[in-house]
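Please read the following report with the sequence and the model open beside it.

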Amino acid sequence: MKTVILIPARYASTRYPGKPLAELTLADGSRKSLIQMSYEAAKQVSGVDAVYVATDDARIKAAAEAFGADVIMTSESCANGTERCANALERAGLSADIIVNLQGDAPLTPPWFVEALIDEVKRDSTVGMATPVLRCDAETYAHFTEDRRNGRVGGTTAVFNHNNDALYFSKEVVPFVDSGKLPDPIPVFHHVGVYAYRPAALAAYGSWEAGPLETLEGLEQLRFLENGHPIRCVEVDGRGRVFWELNNPEDVARIESVLRKEA
């Protein structure tokens, strides 16, 4: 099955303008942009036929081409990464059996997270869309609760049923856990912002209007749930690595700390 990875990237982020071009300091002291690190993470995924950066911004296009990425220019009207992936697929005339949306703010995404998604879509022909979830360790749970205490919107949590199909995604920490009685294992799952779609699911997304839950939470995947389209949650193993996205300027230090530990 032909598989392509698209990395949607926009300059005009509300919480962090210019985020794809933000530079992080690596363990050796060198610096790389977020979009380059995300591209390099995508290139490590096995079984992928092509990787593209999808953007509407000339600055991101120039930066991506400078480090060797193929770029697809998209409409400025794309409201989120899923819309941008759909638009890129259409504009470039790409044909693929599986389209992966690896968002450009997650340079810590290990290749096996994406490979697990691709494997699940291949394994189960009924799955039109899949996304990874990672059980929180104590450090990640602390990041979530710290952000909420300080009024920051940080990562996203997911809850799902016995079939591993999503029930809900939220920027709140769900389910509620009594902080004085934190169980082991922690029953909170961090949603990893990566999606694998079959073409029909991606095409359907563009025909739906954003619903109230998507609008309130600011989470693009809720449009699928609000329209009765299931999302398969694939539990992945961090293998001792800490995962976190760059959502706010405060996250730069968190990610750089992980990069130093993993060096």
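A polar contact is a pair of N or O atoms within 3.5 Å, where, within protein, one atom must be able to donate a hydrogen and the other to accept it, and where residues adjacent in sequence count only if both atoms are side-chain atoms. This is a predicted model, in which local features need pLDDT of at least 70 and side-chain atom pairs count only at pLDDT 80 or more, while totals for chains, interfaces and linings use all residues. Residues are numbered from 1 along each chain as its sequence is written, and side-chain values use heavy atoms, with hydrogens and water left out.

**Ser33 and its surroundings**

The side chain of Ser33 reaches the backbone nitrogen of Gln36 at 3.2 Å. Ser33 belongs to strand 3 (residues 31-33); helices (H or I, at least four residues) and strands (E, at least two) are DSSP runs, numbered from the N terminus. Is Ser33 buried or exposed? Ser33 has a relative accessible area of 10%, so it is buried, given that buried means under 20% relative accessible area, exposed over 50%, and partly exposed in between (1.4 Å probe, protein chains only). Leaving aside residues up to four places away in sequence, Ser33 touches Pro20, Leu21, Ala22, Glu23 and Phe67, where contact means heavy atoms within 4.5 Å.

**Helix 9**

Helix 9 (residues 251-262) contains Lys261, which is exposed, with a relative accessible area of 57%. By contrast, Asp251, Val252, Arg254, Ile255, Glu256, Val258 and Leu259 in helix 9 are buried. An α-helix has 3.6 residues a turn, so residues three or four places apart point the same way. The cover over the buried residues of helix 9 includes strand 2 (23-25), helix 1 (34-43) and helix 5 (138-149). With twelve residues, helix 9 reaches 17 Å from its first C-alpha to its last, close to the 16 Å expected at 1.5 Å a residue; the expected span is 1.5 Å times one less than the number of residues.

Strand 7 (residues 129-135) has six of its seven residues buried, so it is largely enclosed by the rest of the structure.

| Partner of strand 7 | Direction | Bridges |
|---|---|---|
| Strand 11 (residues 194-197) | antiparallel | two bridges |
| Strand 12 (residues 232-235) | parallel | four bridges |
| Strand 10 (residues 189-191) | antiparallel | three bridges |

Within these pairings, Met129 has Tyr197 as its bridge partner in strand 11, Pro132 has Val234 in strand 12, and Leu134 has His190 in strand 10.

Ala158 stands opposite Phe189 in strand 10, and its bridge partner in strand 9 is Phe169.

How many aromatic pairs does a search of the whole structure find? The search finds seven aromatic pairs, where rings of Phe, Tyr and Trp (its six-membered ring) pair if their centres lie within 6.5 Å, and planes under 30 degrees apart count as stacked, over 60 as edge-to-face and the rest as tilted. Phe160 and Phe189 form an edge-to-face pair, at 5.0 Å centre to centre and with 70° between the planes. This pair links distant parts of the chain, since Phe160 is in strand 8 (residues 156-160) and Phe189 is in strand 10, 29 residues apart. The rings of Tyr195 and Tyr197 have centres 6.1 Å apart and planes at 25°, so this pair is stacked. Both Tyr195 and Tyr197 are buried, and ring pairs link Tyr195, Tyr197, Tyr205, Trp208 and Phe224 into a cluster.

**Backbone angles**

Most residues other than glycine have a negative phi, and most peptide bonds are trans. Asn164 has a positive phi of about 70° although it is not a glycine, and it is found in the loop between strand 8 and strand 9. The peptide bond from Val174 to Pro175 is cis, with omega near 0°, and the one from Asp184 to Pro185 is also cis, with omega near 5°.

Definitions and conventions
Pairing = 2+ DSSP bridges.
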